[in-house]
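Please look over the sequence and the structure below before reading on. The report that follows takes up a few parts of the structure in turn.

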Amino acid sequence: MNITRSLSPVIDQVGVEERIARLQTRSIKTASKVFALKLALSMIDLTTLSGDDTPGKVRQLCAKARHLHNRLPGLPQVAAVCVYAPFVGIAKQQLAGSDIKVASVATAFPSGQSTLQVKLDETRFAVGEGADEVDMVISRGEFLRGNYHYVFDEIQSIKEACGTAHLKVILETGELSTLDNIRLASDIAMHAGADFIKTSTGKIQPAATLPVTLVMLEAIRDFYYATGRKIGMKPAGGISNAKLALQYLVVLRETLGEQWLTKDYFRFGASSLANDLLMQIVKQETGVYQSMDYFSKD
Amino acid sequence: MKSKNETSTGEVTKETSVKGRIAVSKTFKLYIGGQFPRTESGRYLPVQLIDGTTINTCHASGKDYRNAVVAARSAVNGWSSRSAYNRSQILYRMAEMLEGRKMQLATDLIQSGLSSNQANLELDDTIDRIVYYAGWCDKYTQVFSTVNPVATPHFNFSVPEPMGVVGIVYPSDVGLLSLVSHLMPVLAGANTAVLLLPPEATTWAINFAEVLETSDLPAGVVNVLTGLRSELIAHFASHLDVNAVIGVAGTPSEVRELQSTGAAHILRVVIRSGQLHPPDPYQIMDTQEVKTTWHPVGK
């Protein structure tokens, strides 16, 4: 496959921003709100990715995933727990018997600055430990200097190394500077075999934004029309409140339709979002505004 | 040289300035998180002033209260971690700013029914009361802290600490002096506050909020809502992210609602009469929690 800029259409930045601006004026209430809040909760990849992660911290995160808020029966479970590769084994053990998946970041996350061999080894290690999903980062440096084939080949090799595990490809949109670049990177990732495309590592600002998400969702739509394959989407980083999460769901529904309104095709990469969703759900059930004091921290 | 429209004091006379010109009247909004937003509900309550003009005031909703609590909660850390001396300076600055806006506030108070004499007295007392509590910021902990005698080899001491977010519900006949008398002990004690004022108080209360806004008081430390007590009191009593509510005056049923709902939501409820008391530092303790520390000592 010959990859050039002509692979992707040009993005109308003003149009994208205007469309997103219109979302701010909507409001979703009562039954629809509860439905959307619970849906958002079921789509969360509960994440801990920091230098000070310990087995204890990962165990605690898994406990949180299993017991979101026991006082409220009938809550959905989060979709997955996302950790660094060395903690996959622990997470797998803690989540045994539940439907919650274990996702691992790999390929020299978050910078991606390493050799292909190291990245492949890390991916195989994570999958060997039992990771159900692998979140890889693309080589932004290679992409920005126009080496699109390198990026394509790398994703393809990692996909092979994943075996049956799902591959999420992180574009790190905050480093790609233009919406045109983001669209092109999305197309490259999907053609190379990504199961999901993901906005950000969460380590770079800006992380996920609505305009970027819209551009990526449109890429997924066009790819689906062209090939019939359904690719998932994962905005990550900076989505910390329920209201914002609902706006993402609206964009998703309007761009890709109801088929994508499931955790199989849409995820939120977040940690504090879960608590805000829980607070809003409890508020809807009890009518009483909640305090963070009554929800577990992580 | 003086123009024809000016009097000897330089004041522009009303008749001539009004002629041929449409007056620019003020929109009274809420004060939340250091900004002046309209109520999210879009509702308003008309209030008639003494001179017969009618103003529309914001009719705050439960969601406005929720937004105010979010603002107040996010201001708690910054406000309570400032040095007590700095808090004192900021509260003193409030008095300075109010002194500079006396004229406007006096006009507002006269419009709400006070005589010119009463209005000036009220303002002087208000400014003095702000200064009084500004002075207490870095003193009340010394006065109310204790070293406690215990039978074990421990150094045991208790210190007051701010509770966090405090709601204050005012009655329909609230005055400016009453507003600050209940607010200042809360602020001096390093808490943040959400005030509910009756629509009748809107003009001077929102102009007072402008004084707060320009006093170096961090955004969210004081939030002012205008609305109906009967509608919002249940929200004040049940919000889990509020630590204490001060109910000023009120009917027996309102007091009962505050106390019973407040108890169910682990909220400290302080009921005060509408009558003004001379200032005293004990009022600061109404919104403080006491922390006792057991520190081992060896001989």
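## Where the two chains meet

How much area is buried between chain B and chain A, and what share of it do carbon and sulfur atoms give? The model shown here is a predicted one, and in this model the area buried between the two chains is about 810 Å², with 54% of it coming from carbon and sulfur atoms. The size of an interface is often given in this way, as the accessible area lost when the parts come together.

In terms of residues, 10 residues of chain B are in contact with 8 residues of chain A. There are 0 salt bridges between chain B and chain A, whereas the count of residue pairs in polar contact between them is 2, both at pLDDT 80 or more. On the side of chain B that touches chain A, helix 2 (62-81) and helix 9 (229-238) of chain B each supply at least two residues, and helix 2 of chain B gives the most, with 3 residues. Sorted by class, this side of chain B has 2 nonpolar, 5 polar and 3 charged residues.

Side chains of opposite charge can pair when their charged atoms come close.

Glu218(A) counts as buried because its relative accessibility is 18%, which lies under the cut-off of 20%, while Arg19(A), with a relative accessible area of 27%, is partly exposed.

Another salt bridge is formed by the side chains of Arg267(A) and Glu133(A), at 2.9 Å from N to O. Here too the pair links distant parts of the chain: Arg267(A) is in the loop between helix 10 (242-256) and strand 8 (268-270) of chain A, and Glu133(A) is in strand 4 (residues 133-137) of chain A, 134 residues apart. Arg267(A) is buried, with a relative accessible area of 4%, and Glu133(A) also counts as buried, at 4% relative accessibility. Both Arg267(A) and Glu133(A) belong to a network of salt bridges that links them with Asp45(A), Asp135(A), Lys168(A), Lys198(A) and Lys234(A).

After helix 8 of chain A comes Gly193(A), which has a positive phi, near 115°.

In chain B, helix 8 (residues 202-213) has 12 residues, so at 1.5 Å a residue it should span 16 Å, which agrees with the 16 Å between its end C-alpha atoms. Helix 8 of chain B is mostly covered, with 11 of its 12 residues buried, including Trp204(B), Phe208(B), Val211(B) and Leu212(B).

Helix 3 of chain B holds Met94(B), which is buried, with a relative accessible area of 0%. Met94(B) touches Phe208(B), Val211(B) and Leu212(B), and also Ile130(B), Met184(B), Leu187(B), Ser215(B) and Leu217(B), when residues up to four places away in sequence are not counted. Although Met94(B) and Val211(B) are 117 residues apart in sequence, their C-alpha atoms are 6.7 Å apart in space.

Arg93(B) forms a salt bridge with Glu96(B), with 3.1 Å between the closest N and O atoms. Because they are 3 residues apart in helix 3 (residues 84-100) of chain B, Arg93(B) and Glu96(B) are separated by about one helical turn. Arg93(B) counts as partly exposed at 31% relative accessibility, and Glu96(B) counts as partly exposed at 38%.

Key: Residues are numbered from 1 along each chain as its sequence is written. Chains are lettered from A and ligands numbered from 1 in the order in which they are written. This is a predicted model: local features need pLDDT of at least 70, side-chain atom pairs count only at pLDDT 80 or more; totals for chains, interfaces and linings use all residues. Side-chain values use heavy atoms; hydrogens and water are left out. Helices (H or I, at least four residues) and strands (E, at least two) are DSSP runs, numbered from the N terminus. The expected span of a helix is 1.5 Å times one less than its number of residues. Buried means under 20% relative accessible area, exposed over 50%, partly exposed in between (1.4 Å probe, protein chains only). Contact means heavy atoms within 4.5 Å. Buried area is the accessible area (1.4 Å probe) that two parts lose on being put together, summed over both. A salt bridge is a side-chain nitrogen of Lys or Arg within 4 Å of a carboxyl oxygen of Asp or Glu. A polar contact is a pair of N or O atoms within 3.5 Å; within protein, one must be able to donate a hydrogen and the other to accept it, and residues adjacent in sequence count only if both atoms are side-chain atoms. Ala, Val, Leu, Ile, Met, Phe, Trp, Tyr, Cys and Pro count as nonpolar, Asp, Glu, Lys and Arg as charged, and the others, Gly among them, as polar.
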